[in-house]
Amino acid sequence: MMQIFKNPSLYLSALGFVSVLILMNILGKQPPPQPPTREPAANPYYHAIAASGIIESADRNISIGVPTSGIATNVYVLVGDPVEEDAPLFQIDPRELEAELIELKAKRDVAKAQEVRIESQLAKLQRIEDKRAISQEDLDTRANDLKVAKAQVEAAEAALQKTLLLLNRMTVRAPKKGIILQSNIRKGEYVLAGTTTPAMILGDVSQLQVRIDIDEQNASHYRDGLPAFAFLKNDPSVRIPLNFLRVEPYVIPKKSLTGASEERVDTRVLQVIYTIVKDPENRLFVGQQVDVFIELESETKK
């Protein structure tokens with residue numbers, strides 16, 4: 001018995017066991033939750049649908065694509081530049097089409113010359129008064145040759161016009177009046193067509209709107225035209241009045257995430273569009289997220 005108490009390994013084992021218990025107790029304690037840096041927006045209604053929204057330009061932001069892959073030879077606008085409808089935005093290298101255009105013009109000219117030659121020969125044959133000097137078959141053959149020549153001219157002209165349209169397409173133009181909100185294209189860069197990142201984003205910021213995502217659990221409670229307010233996430237003291245514009249009646253998977261820990265990402269949302277009545281001191285920007293409350297009863301909190 002005395003030899004057991006004199007054995008140091010027994011004390012070391014007991015000390016290790018106690019240390020493990022202390023460590024587990026420390027790790028098992030949850031740190032106290034940190035207070036929010038700012039108080040969240042207060043619901044201004046007694047009963048409301050709470051939702052998140054994102055600010056966008058009127059008629060939604062327009063993602064400008066690239067017609068075909070190639071080198072950007074010219075970029076005519078910068079971020080923040082106002083543009084009119086049909087104003088040039090950027091150009092993709094047109095030299096290959098320009099070379100093809102030269103060749104097609106030459107082919108068209110050859111086809112026209114061939115048409116003129118056959119037409120002249122047919123006219124000479126038709127002026128012969130002695131019908132015994134030429135058979136009707138020869139006249140019909142020449143007439144058919146002229147029809148073929150005219151068709152070849154039309155085909156050459158069509159190929160030329162097609163290339164002109166493709167060449168004009170290499171200069172991408174603004175589909176509507178607005179402001180360049182974002183530019184992802186630089187002169188001299190090789191750009192790819194069909195990518196998810198647009199070359200430019202165009203929007204009309206003279207009238208902003210909020211695209212609101214209402215969770216599918218609350219979608220059945222929504223009715224067109226319900227009053228609503230939006231609040232800035234960085235400053236909930238700013239109350240933004242909204243006017244109902246439209247409902248997009250197709251429930252889609254949720255894409256706009258707020259970053260909240262309790263937020264579900266497997267839900268679907270009904271998108272409702274409200275216009276912003278007034279921009280408070282020009283503090284709103286396209287792409288900002290806002291908290292939205294949509295009233296379900298007419299009486300607001302005092």
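The buried residues of helix H3 are Leu 97, Leu 101, Leu 104, Arg 108, Ala 111, Glu 115, Ile 118 and Leu 122, where buried means under 20% relative accessible area with a 1.4 Å probe and protein chains only. Helices (H or I, at least four residues) and strands (E, at least two) are DSSP runs numbered from the N terminus. The model is predicted: local features need pLDDT of at least 70, side-chain atom pairs count only at pLDDT 80 or more, and totals for chains, interfaces and linings use all residues. Residues are numbered from 1 along each chain as its sequence is written, and side-chain values use heavy atoms, with hydrogens and water left out.

Helix H3 covers residues 95-126; at 1.5 Å a residue its 32 residues should span 46 Å, and its end C-alpha atoms are 47 Å apart, which agrees. The expected span is 1.5 Å times one less than the number of residues. Helix H4 (136-169) is included in what covers the buried residues of H3.

Asp 213 is placed in strand S8 and is buried, with a relative accessible area of 6%. A polar contact (a pair of N or O atoms within 3.5 Å; within protein, one must be able to donate a hydrogen and the other to accept it, and residues adjacent in sequence count only if both atoms are side-chain atoms) of 3.1 Å joins the side chains of Asp 213 and Gln 271.

Terms used: Buried < 20%, exposed > 50% of the residue type's maximum accessible area, 1.4 Å probe, protein only. Contact = heavy atoms within 4.5 Å.
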